[in-house]
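Dear colleague,

I am handing over the structure below, together with some notes on what turned up in it. Please read the notes alongside the coordinates.

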Amino acid sequence: HWLQQTGHRPIALMGGGTSMIGDPSFKDEARKLLTPQDIEDNLAGIRRNFMPYLKFGSGPNDAIMVNNADWLMEINYVNFLRDVGRHFSVNRMLAFDSVKLRLDREQSLSFLEFNYMILQAYDFVELYKRLGCRLQMGGSDQWGNIINGIDLGRRMEDAQLYALTTPLLTTSSGAKMGKSASGAVWLDAEMLSPYEFWQYWRNTEDADVARFLKLYTTLPLDEVARLERLGGSEINEAKK
């Protein structure tokens, strides 16, 4: 949102191709494989949720939406191994925290999942080649995958690419509130009712109010600071 407001063009990347595998990052077990229809239904919902936050169109900084299935589903496997796979070190891939977590727990990590980080890295290269994209944004759990894309872009295209990750929203127990985690705060009214959405933020711990306002609203910082100074019944009233 803020990058578009300052003249940049957002690219919303849909994972129609990578959804066929599923991201293993920091997961205790393999994701359930989705059918093509499941994936298409999910993509339609994601598109709908983007609309209130980004302005799509044909203007110079209007957002565009692309689907990585457009290039991943057309890949010749042998050519991909030769042209892309040779740039990846298995030793380095095994050192990523998201992989080590599974291996240290002696939990299975399939070859299918192991390839996910290669495909996501390749996405960044394709976005650069097709659209001139130089900055990829994601949750902090995606840092390793995005860094792989930066390295691959340098090796394949001699391109300088960049990463920006943001902190993940967590539950009171510290668990990630991702779209595949229980208790997720969905933006889709079909997944979480407007009342339940409001109730979640209404019940936020007082100490978290300022942090969440800075992360998830466009309120001026001086107004956030004013609200942060409130206490007791005043902060409860402000939450409404």
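The notes below go through strands, core, surface, salt bridges and loops.

This is a predicted model, in which local features need pLDDT of at least 70 and side-chain atom pairs count only at pLDDT 80 or more, while totals for chains, interfaces and linings use all residues. Residues are numbered from 1 along each chain as its sequence is written, and side-chain values use heavy atoms, with hydrogens and water left out.

Strands and their pairing

Helices (H or I, at least four residues) and strands (E, at least two) are DSSP runs numbered from the N terminus, and two strands are taken to pair if DSSP finds at least two bridges between them. Strand 1 (residues 11-14) and strand 2 (64-67) run parallel and are joined by four bridges, with Met 14 standing opposite Asn 67 in strand 2. Strand 1 has a covered face, made of Ala 12 and Met 14, and an uncovered one, made of Ile 11 and Leu 13.

Strand 3 (residues 135-139) and strand 4 (residues 162-166) also run parallel, with five bridges between them, and here Gly 139 stands opposite Thr 166 in strand 4. Together with helix 9 (residues 143-157), strand 3 and strand 4 make a right-handed β-α-β unit; right-handed means that, with the strands pointing away from the viewer, the path from the first strand over the helix to the second runs clockwise.

Nonpolar core and nonpolar surface

For burial, I use buried for under 20% relative accessible area, exposed for over 50%, and partly exposed for values in between (1.4 Å probe, protein chains only). A nonpolar core is a set of buried Ala, Val, Leu, Ile, Met, Phe, Trp, Tyr and Cys residues joined through side-chain atoms within 4.5 Å. The largest nonpolar core has 26 residues, and those with the most contacts inside it are Val 84, Phe 88, Ile 118, Tyr 122 and Leu 152. Helix 3 (69-72), helix 8 (116-131) and helix 9 each supply at least two residues of this core, and helix 8 gives the most, with nine residues. In soluble globular proteins, nonpolar side chains tend to be buried together.

The elements that give two or more residues to the nonpolar patch are strand 3 and strand 4. Leu 164, which lies in strand 4, is partly exposed, with a relative accessible area of 39%.

Salt bridges

With a salt bridge defined as a side-chain nitrogen of Lys or Arg within 4 Å of a carboxyl oxygen of Asp or Glu, the count comes to 11 salt bridges. One of them joins Arg 48 to Asp 188, the closest N and O atoms being 2.7 Å apart. This pair links distant parts of the chain, with Arg 48 in helix 2 and Asp 188 in the loop between strand 4 and helix 10 (194-202), 140 residues apart. Arg 48 is partly exposed at 41% relative accessibility, whereas Asp 188 is buried at 9%.

Glu 126 forms a salt bridge with Lys 129, with the closest N and O atoms 3.8 Å apart; because the two are three residues apart in helix 8, they are separated by about one helical turn. Glu 126 is buried, at 7% relative accessibility, whereas Lys 129 is partly exposed, at 45%. Arg 92, Asp 151, Arg 154 and Arg 155 are linked in a network of salt bridges.

Loops

Met 51 lies in the loop between helix 2 (36-50) and strand 2 and is partly exposed, with a relative accessible area of 47%. Asn 61 lies in the loop between helix 2 and strand 2 and is partly exposed at 23%; its C-alpha atom is 9.9 Å from that of Ile 11, although Asn 61 and Ile 11 are 50 residues apart in sequence. Finally, Asp 158, found in the loop between helix 9 and strand 4, has a phi near 55°, a positive value in a residue other than glycine, and counts as exposed at 69% relative accessibility.

With best regards
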